[in-house]
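Please review the structure shown here. The briefing that follows is arranged by topic for a reader who is new to it.

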Amino acid sequence: MPDPGAHRVVIVGGGFGGLQSALKLRRAPVQTTLIDRRNFHLFQPLTYQVATGALSPVEIAYPLRAIFKRDPNMRVLMAEVSDFDLETRELRLSSVDGVPAPTSIPYDTLIVAGGSRYSYFGHDEWGRFATEVKSLESALTARGRILSAFEAAEMEADPQRRAAWLTFVVVGAGPTGVEIAGQIAELARDTLSRDFKAADPRRARILLVEATDRVLASFPPALSARAVRSLQRLGVEPVLGRAVVGVDAETVTIDEGDGRTEHVPTRTVIWAAGVTASPLAARLARRSGAELDRAGRVSVEPDLTLRGQPQVFALGDMVRVRDSDGVAQVLPGVAPVAMQQGRYVASAVRARLRARTSAPFRYRDKGNLATVGRAAAVADIKGLKLSGLIAWLTWLLVHLWYLVGFQNRILVFIRWSVSFVTHGRGARLITEAESHPEPRPLDASAAARETR
């Protein structure tokens, strides 16, 4: 093992896992470089609130350099990893947004926390029409599309086309899908109810489509049922046991079984179904010979290292973890898993510097939380099943606690408090130059005017 003072640790990814590793190594006798293609850490569980105007981007993001500005052994690098050279222990880098970056960077220990992205189940072309809320950029795009739909409905004279603009389809009924469907319903029936003259936002139709037979499949069935009742009270229509088989600029096609399909006219689709691992997982597998599963996750050893590459750790949504019998298991794709793995890997690095070994990683499930709407949530915490106001307050406290930055916690608390009292949403801004992927079709008279 090299001299600890000269030991170089490179962390790829400034999400939950990478950030936790960096925080735990900030006082260690190593030189640490944190690489991310963005210059901020994003609190991903609240991106859907940016998409629905409840929060502003600055309130759920925090500059990475600001986090480590007092740590002389920490370096933050804005760049994108294009490849790995495991033999020479170097990363190949490329620039992001024109910001210069070194072509390569050496390491002694590598920690890769690339995360995941949504999967369109082999239909990547659907991504032109169905936006997601996993990144800050996509959340802003979703916000533009949602708010633009109400604006378009106000200007549409034809009842059928207006109904299409006021129809919102959320695909996937996991926590993100449930939460954003509830937020769109509250936005339509509460916040915007008096903002328009011609169109009535309260007539908006919100469909929550899920291929399985219940929402929040990771929760106990009783809590899933309570979530459905809360959604229905808000006006959300759960469409269960039916899969989306087509998405275009004006329609979502839903498989009804027995060869029958339903075509739902809509101009706003939010995708929250299924994930695939970061492409970094495939690159690591190709370079190391490790296995990949169908979702693109690379298999790692019980100590989160690549097989045959003890100096390379991988964690988070992009990995499967082998147990003591060598069977690869998929852990839940939630922030606590990545955070625990990030802290574990940093502890393992520190132990190695002291010539000690680490026990295999073990995930400690602290429970599940999901909010449905105003004062409505469900929680499963170590067998304790909560719903309603107490679950909602628990959800608020947990998310405030894990937000990065004291200022952000204060701002979000104030924003939520004001919103609860006034029913308002202060971030209802359309900032995207093109909020919808295709121009709205013109009727004959409008087309004639356009050609004059």
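Helix H10 passes helix H11 in a right-handed crossing, a crossing being right-handed if the near helix is turned clockwise from the far one by less than a right angle, and left-handed if anticlockwise. The model is predicted: local features need pLDDT of at least 70 and side-chain atom pairs count only at pLDDT 80 or more, whereas totals for chains, interfaces and linings use all residues. Residues are numbered from 1 along each chain as its sequence is written, and side-chain values use heavy atoms, with hydrogens and water left out.

**Helices H10 and H11**

- H10 (residues 389-402) and H11 (residues 406-422) pack at an angle of about 155 degrees, and their axes are 9 Å apart.
- The axes are lines fitted to C-alpha atoms, for helices over the stretch in contact, and angles run from 0 to 180 degrees between N-to-C directions.
- The two helices, H10 and H11, are therefore roughly antiparallel, a term for angles over 145 degrees.
- From H10, Trp 392, Trp 395, Leu 396, His 399, Leu 400 and Trp 401 meet Arg 409, Val 412, Phe 413, Trp 416 and Phe 420 of H11; contact means heavy atoms within 4.5 Å.
- Helices (H or I, at least four residues) and strands (E, at least two) are DSSP runs, numbered from the N terminus.

**Helix H8**

- In H8 (residues 279-288), the buried residues are Leu 280, Ala 281, Leu 284 and Ala 285, where buried means under 20% relative accessible area (1.4 Å probe, protein chains only).
- Viewed down the axis of H8, these residues fall within an arc of 140 degrees, so they line one face of the helix; the arc is that of the directions from the helix axis to the C-beta atoms.
- Gly 289 follows H8 and has a positive phi, near 80 degrees.

**The sheet of S6, S7 and S8**

- Three strands form an open sheet in the order S6-S7-S8, with antiparallel pairing; two strands pair if DSSP finds at least two bridges between them.
- S6 (80-85) and S8 (104-106) stand at the edges with a single partner strand each, so one side of each has no neighbour in the sheet.
- From one strand to the next, the twist averages 30 degrees.
- Strand S7 (residues 90-94) is joined to S8 by 3 bridges, and Arg 92 stands opposite Ser 104 in S8.

**Asp 71**

- Asp 71 lies in the loop between helix H3 (64-67) and strand S5 (74-78).
- Asp 71 is buried, with a relative accessible area of 4%.
- Leaving aside residues up to four places away in sequence, Asp 71 touches Arg 26 and Arg 27.
- Asp 71 and Arg 27 are 44 residues apart in sequence and 7.7 Å apart in space, C-alpha to C-alpha.

Note on methods:
Buried means under 20% relative accessible area, exposed over 50%, partly exposed in between (1.4 Å probe, protein chains only). Angles under 35 degrees count as roughly parallel, over 145 as roughly antiparallel, 65 to 115 as roughly perpendicular and the rest as oblique.
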